[in-house]
Every structure is written in C-alpha cells, then in structure tokens.
Amino acid sequence: MNIELRKLTLEDYEDLKESMLQAYDSMGGSIWPKSSIAKLLNIFPEGQLCIAVDDKVVACSLAIIVQYDEYGDRHTYKLITGDYSFTTHDPNGDTLYGIEIFVHPDYRGLRLGRRLYEARKELCESLNLKSIIAGGRIPGYHQYAEQLSPRQYIDKVKAKEIYDPTLTFQISNDFHVRKVLKNYLPGDKESKEYATLIEWNNIYYQGVVASARSAMTIRLGLVQWEMRLFPNMDAFYEQVEFFVDALSGYKSDFIMFPELFNTPLLQPYNHLPEIEAMRKLAEKTEEIVQKMHEYALSYNVNIITGSMPLLEDGKLYNATYLCHRTGKIDEYRKIHITPNEQKYYGMIGGDKVQVFDTDCGKVGILICYDVEFPELSRIYADQGMQILFVPFLTDTQNGYTRVRHCAQARAIENECYVAIAGCVGNLPKVNNMDIQFAQSAVFTPSDFAFPTNAIKAEATPNTEMVLVVDVDLHLLDELHHYGTVKILKDRRKDLYQIKLLKE
C-alpha cells in the first residue's frame, strides 16, 4: 500500500467524486461539482489537499483564506463561502477557513484525517495565518437530541463521556470549540443542523506588522562588569559605550548591565556616610539614563541599564531602566530591598509590577533579591513574559548561589528564559562595596528542546567579559502547548492563586 499526501488536481475529480459519495452517503450523497473544485484550485491551489492510496484519492481537505472579523462567529456556511462561490477568499486574510474534509469510509482506519489536519496546520504556519477555523458537524448528536442541548452534548464529548466521530477527532487534534452554530449546514439531519465552530490557533503567528525576528531568535548581550575607579564621568561613559558598541556589533537585541554597576562613581563621596554618598550618586542617574537612551538609539539595541539609585520626593529607590531602540524608556524599581540596602542606604521598595512590550517580545525585569520571591515572576508569566532579565550584585558566593538557583527555578516554573548579569572585582576606596562575586548566565526551561542542564550559556566566574546568547522564543511556544509537563497550564487554580493586589 502506498499513501501519498499531496495537492489536489482537477484530474483527481473522478476519484474525489466517488469518495465523496461514499463519505456523505448519510447526507444524501451530496458532492462538490467539478466547477467548484476547479475554482478552488484556481484561486488557492495550495489550500486544496488530498491523500491518494495506491494512486486513488480517498481523502481530501478544502480551504480558503478569509479576513475573519468581516464575518464573525455568527456566520453560516453559505455566508462564509460566498454562497458556495468562494468570492470570500482573501489572499491577504488572517484565517485559514476549512470548508471541507472527508475520508472514504473504507480507509478510515489509516488515520488519514490526522494527516490532513497536520498538513493544514503546516500550511497555516507557513502562510503566517492566525488560526484555522471551521464549522464542524456533530453527527452523533441526533442520538441524544431529546436529552441534551447541543452545549451539553459538546461538554460530554469533551469529557469523553460521549464519543462523536467528528468532534472527538477534532478535539484530539488540538482544536477547541469557540461556539455552537445553529442552522449552519441545512440538511445535516445527524447534527440536527447544529455545528461546532472549532478553532486551532497558530502559536507562531506574527501578525502583519510584527517583526519577524521578534518571535524567532533573540540575541542577548550580557555585560559582566568589573568594578574599577574612574577619574571622571567621561571615562565611565567610555567604558559603557565600549560594551554597547561591541555587543551591538554582534547584532544583540538586548544589552544588560548589572545592578549598581555605577557605584565606582561613589569614590569622590567616600568621606560621607553611606546613606549620604548614595544620595549624591543618585544625582547622576538622570544623566546616565539619558546617555544610555542615546546609545540605544544610535547603536540600535535595547538596553537594560543596570540599576542605579533614584531619589524621588526624598525617598531613595534602586531602579533600572529599559531604553528601547525605538526611543521609549521604561522604569522598574526594585520591589524587595535587602537588609544591607535598608541599613546602609535607607532604600525603600517600589510598588509597580508589570511586563514590558518590546520589539522582541514581552520581557520582565527583577533586580537581584527580587528573583528570590517566586510570586513576582509568576505574575509576569501570567502577563505573557518570555524573557526575564535579572541585573544583580552579590558580594559572596553564598549570595550569588541564592540568586543563581532562584533564577534557574524561575525559568523552569514560568517556562521562560532568565538572563542574569552581575559585577565582579573589588572597590577598595568605596565603603560597603568591597568585593563582588558573579557568574552571568542565561537559563532555560527544562525539557527536550533545551539543554539537559537547563543552562543556555554562562560566563567565566569573576572575570570581566561579555556573554552573547541566542534564545528561541518558538521553543517557548512549543513548550507551553506540547511540553512533557505544562507547569503554567497545570496549576490548580481551583485550589490556589497568586494575585496582584496593587496595579
């Protein structure tokens, strides 16, 4: 036996006709006329698929492309097909609409329908269409029509309490029911003229204006910054720009500096108490952010500025900034302040928790100690975060170990990438900044598509360097839908929940 999946041709019509007569015998043997098949092949040849067994066409799927919003969920089969004329086909539409799929009854044990569904999905992805939508028959419903409403019947099929030859198969192929349609296909007595509006979502869909790269490979550039004293601000900016220039030269989409990486600039204030010195440093933050903003624009790269002290209304925060290469600037203030930051600098925590939309997907930022609190990143995950950036500053290996292992846990439990970048070296002439320990890294979820140790890349410990890492957002989409485990989907929301109390 030879099974071949291919595009339908008009020469296949006689086989197609015979198979349709057999497949729809219960509906009076209605078939598509040759003229309709010819028109479909003319306007959308790649959408018309068939399976030939030993050179005989025994299964087929027909489809058109529509701009779905023009018809909405209340459409009928007659409306969506333009009264069977297919004038509704729009090559610039966003939805692959399935108008026919059938398998000759003598060949239904070969799982040919599954092959056609998979081929449709591949077509939907290759054409960058939002979804596949179709009106699905429920041929088993007539047996339960007196006891169950269509909705009740569908719910029992979903729960596997009832087997429906069409709907059960569609659900097993990752389609979900959007709506029940009434009077969808006149003459369908088995379905009592009801139908399910089914949908399969293309997780790779980019939209017509999205950057193609934004949901593909994203390049991260992490700066493992060595603490050193600078004679003046120009020398500091020269070092910052050196890293921006180098990493942008490698086509990085993001560059991240560490937490409080600008504290070498505290040296002129070392004669002051730590709390006053840090407030003096905060006076430079606006200028540094503006400089980073200029670098983001001129080097065409998104920059996470590393954190800096921010003085506002007499209160001192630990803040970082996301300077978009589009010109926008977002701010994040560290939520959880360490005892050291409270004691020596009088810092307080911020109260804004949100993800940021970028030209490379949705990202979240947590500063050092924040990553040790799993609630924050879980909220981010519910907001669609794909990459979590964690600038950190740790003095000892114990502190680094906490940050590292918590960051790894966040990547696994939230099905995202986590990038951490820290400072190394020492500052002998700056109080409370004596030593630093760091090993910057990018962590991944733990499944077959990712490294077995869930570490995408890591820097050499305690050495100034950059880390350039590519991450694939497609792998996250696949993990969410088809992973060995589905942590986000399998949460018992009926039993527990994490809720943001302050917007």
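How many cavities of 30 Å³ or more does a search of the whole structure find? The search finds 1. The model examined here is predicted.

The largest cavity has a volume of about 70 Å³. Its lining includes Leu 266, Tyr 269, Asn 270, Leu 272 and Pro 273. Glu 274, Ala 277 and Met 278 also belong to the lining. Tyr 345, Val 430 and Asn 431 complete the list. Helix H8, residues 274-282, gives the most to this lining, with 3 residues. By class, the lining of the largest cavity divides into 8 nonpolar, 2 polar and 1 charged residue.

Charged pairs were examined next. Side chains of opposite charge can pair when their charged atoms come close. The structure holds 26 salt bridges. Three of them are described here, among them the bridge between Arg 6 and Asp 12.

In the pair of Arg 6 and Asp 12, the closest N and O atoms are 2.8 Å apart. Arg 6 has a relative accessible area of 23% and is therefore partly exposed. Asp 12 has a relative accessible area of 9%, so Asp 12 is buried, the cut-off for buried being under 20%.

Arg 137 forms a salt bridge with Glu 190. Here the closest N and O atoms are 2.8 Å apart. This pair links distant parts of the chain, with the two residues 53 residues apart. Arg 137 lies in the loop between strand E5 (131-136) and helix H5 (150-158). Glu 190 lies in the loop between strand E6 (176-182) and strand E7 (194-201). Arg 137 counts as buried because its relative accessibility is 17%. Glu 190, at 25% relative accessibility, counts as partly exposed.

The side chains of Arg 492 and Asp 494 also meet in a salt bridge, at 2.7 Å from N to O. Arg 492 is partly exposed, with a relative accessible area of 43%. Asp 494 has a relative accessible area of 61% and is therefore exposed, since exposed means over 50%. Elsewhere, salt bridges that share partners join Glu 4, Arg 6 and Asp 12 into one network.

Definitions and conventions. Residues are numbered from 1 along each chain as its sequence is written. This is a predicted model: local features need pLDDT of at least 70, side-chain atom pairs count only at pLDDT 80 or more; totals for chains, interfaces and linings use all residues. Side-chain values use heavy atoms; hydrogens and water are left out. On a 1 Å grid over the protein atoms alone, a cavity is a set of points where a 1.4 Å probe fits but cannot get out, and a pocket is an open set with protein on both sides within 12 Å along at least five of seven lines; lining residues have an atom within 4 Å of a point. Grid points are joined across faces, edges and corners, and a volume is the space filled by probe spheres set on the points. Helices (H or I, at least four residues) and strands (E, at least two) are DSSP runs, numbered from the N terminus. Ala, Val, Leu, Ile, Met, Phe, Trp, Tyr, Cys and Pro count as nonpolar, Asp, Glu, Lys and Arg as charged, and the others, Gly among them, as polar. A salt bridge is a side-chain nitrogen of Lys or Arg within 4 Å of a carboxyl oxygen of Asp or Glu. Buried means under 20% relative accessible area, exposed over 50%, partly exposed in between (1.4 Å probe, protein chains only).
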